[in-house]
Amino acid sequence: MKKRHLIIGAGNAGLSAAATIARLKPEDEIEIISDEPWAPYCRCLLTYYLEGKITKERLFAWGEAIIRKNRLNYHPNERVLSIDSNNLSVECESGSRKRADSILIATGSKPFKPDFPGADLPGIFTLRTFNDALAIKQKLKPGGCWAVAGAGLVSLKTIIALRQYNIKIDLFVSSKRILSQVLDSYAAGLAAAKLDENRIAIHLNEEITSAEPAAGDQLKLTSNRGRESLVDGLLYAKGVIPINPLAQANAPDNLSRDNQGAEPVNHPEPRSDSSKRQDGIALDSHLEYSANIFAAGDAARVFDLVRGRSERLPLWPLAGEQGHLAGRNMATTRPGSLYDYPGAISCNAFSFFNLDFISAGDRVIPQDNPDWHSDKTIRNDTYCRLNFHKNRLKGFILSSANHNNLNHLRKSGPLLARIRREALDRG
Ligand SMILES: Cc1cc2nc3c(=O)[nH]c(=O)nc-3n(C[C@H](O)[C@H](O)[C@H](O)COP(=O)(O)OP(=O)(O)OC[C@H]3O[C@@H](n4cnc5c(N)ncnc54)[C@H](O)[C@@H]3O)c2cc1C
């Protein structure tokens, strides 16, 4: 029987689900809704667009190819306000109400906004959408001064883009090292040394506490240490928060099946607890939230194979693999035969100033715990750290300061396979 599928969000999760349904059930109707005014594009490439490394056409080529190849019905500029999980319908900002046989929530995440005094001033940016990139690009001028708050991957990718404009950069990091989520202190030290070589001033344990307008369309930023900086712009990149359009009033009291991992089986979004909402949508092993409502990508919380519990893992490839699996389950005509999502491993690969890193799983381990140990090798321009828990590989960090040393980085494939194998073999 022909079914109707509604996909909220046109990122990697949404488009991967749509492409999978189109391949498995070409006769079904698929509608994709996005609140962005643009055709779908590859969000990870936004900093390369800022840098001038890729054109607008290249940024949009990925999404256009998927829409065209699968003849998908795409509606930009349409925001979903709420989901009625009992009637399988959504209410949109335009006033329209859409019904479907299955719904995918692939709404992604949005950046944390600063809340210090002056945080709303022009010149203070976050970077998530093509509109954000256009606004930043308009403000960039060669030889200017910028500040960046936060030392994760979006910050570092943006710094590389700003360097193309010969911009002086101050990096404010509230923790004691950069890239603290994906590197240990040794590897973070390698990365910090590269930034230093490239004249990026790193201020550790320091946060911006206020902004005021200054002469010449600039901003005066003040930090908790009393440092004052005059800048043309501030990029605030201190993490993301999932977007969850589920209507609270219609949400079921319990999840339809056992939630994976150690999370409680209660409703994933208690009504008055906004901190819980930041956790993402809790799902069962089929990536189903309640009957015929699925979620995938940054908006969701999924089983982390390494940690053995459900977590938010906001990464591009994981959004794609979850979208594919949710799409398969949405396309199925036999409700008893849904596919299980085995779980995800967080993995980051990045490269800057001729320094390459790949890291995955548990990058840092508890100290003074005899169940844990690390093997570290530093040789020439490479670093390898393997982290074990009771002799099972739980995580690794590989780095190479020689762009051509692919052999070292190629170890990541077998290492990831080993983490997966040992995590799945729970015996
Ligand atoms: C600058 C930048 C660089 C990045 N680099 C990397 C990288 O190198 N490697 C990596 O793994 N990850 C990277 N990421 C993260 C990666 O882009 C995300 O993990 C990925 O895009 C998540 O995909 P998604 O489909 O879940 O959500 P998204 O890509 O966020 O898509 C969500 C979609 O839902 C729509 N939407 C949201 N709410 C509504 C609503 N109420 N109604 C209708 N539509 C709605 C949005 O408009 C959007 O189309 C980067 C992110 C950024 C911003």
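Reader: First, H203: buried, exposed or partly exposed?

Author: H203 is partly exposed, because 18 other C-beta atoms lie within 10 Å; a residue is buried with 20 or more other C-beta atoms within 10 Å of its own, exposed with 12 or fewer, and partly exposed in between, with C-beta atoms placed from the backbone. Please keep in mind that this is a predicted model, in which local features need pLDDT of at least 70, side-chain atom pairs count only at pLDDT 80 or more, and totals for chains, interfaces and linings use all residues. Residues are numbered from 1 along each chain as its sequence is written.

Reader: Where is H203, and which residues is it in contact with?

Author: H203 is in strand β12, residues 200-204, where helices (H or I, at least four residues) and strands (E, at least two) are DSSP runs numbered from the N terminus. Leaving aside neighbours within four places in sequence, H203 is in contact with D170, L171, F172, V173, S223 and R227, contact meaning that the C-beta atoms, placed from the backbone, lie within 7 Å.

Reader: What about L195, buried or exposed?

Author: L195 counts as buried, because it has 21 C-beta neighbours inside 10 Å. L195 is in helix α6, residues 185-197, and touches L171, I200 and I202 when residues up to four places away in sequence are not counted. Its C-alpha atom is separated by 8.1 Å from that of F353, which is 158 residues away along the chain.

Reader: Which phi value does N205 have, and where is it?

Author: N205 has a positive phi of about 55° although it is not a glycine, and it is found in the loop between β12 and β13 (208-214). N205 is exposed, with 12 other C-beta atoms within 10 Å.

Reader: Switching to the ligand, which residues come nearest?

Author: Of the 36 residues around the ligand, G9, G11, A13, G108 and G297 come nearest; a residue is near a molecule if its C-beta atom, placed from the backbone, lies within 6 Å of it. Among the helices, α1 (12-24), α2 (46-51), α5 (153-163) and α8 (316-331) each supply at least two residues of the shell.

Reader: Why does the ligand lie between the domains?

Author: Domain 1 (4-110 + 241-337) and domain 2 (124-238) both give residues to the shell around the ligand, so the ligand lies between them; the bounds come from an automatic or database domain assignment.

Reader: And the cores: how many residues has the largest nonpolar one?

Author: The largest nonpolar core has 59 residues, and those with the most contacts inside it are W146, A147, V148, L171, A191 and L234; such a core is a set of buried Ala, Val, Leu, Ile, Met, Phe, Trp, Tyr and Cys residues joined through C-beta atoms within 7 Å. The largest share of this core, six residues, comes from α5. A second, separate core of 48 residues includes V80, A299, F303 and A326.

Reader: Last topic, where is the pLDDT below 50?

Author: The protein averages a pLDDT of 91, and 92% of the residues score at least 70, pLDDT being the predictor's confidence in each residue, from 0 to 100. Over residues 247-277, however, the pLDDT is below 50, and beyond near neighbours in sequence this stretch has 53 contacts in the model. Where pLDDT is low, the predicted coordinates should not be read in detail.

How values were computed: Two residues are in contact if their C-beta atoms, placed from the backbone, lie within 7 Å.
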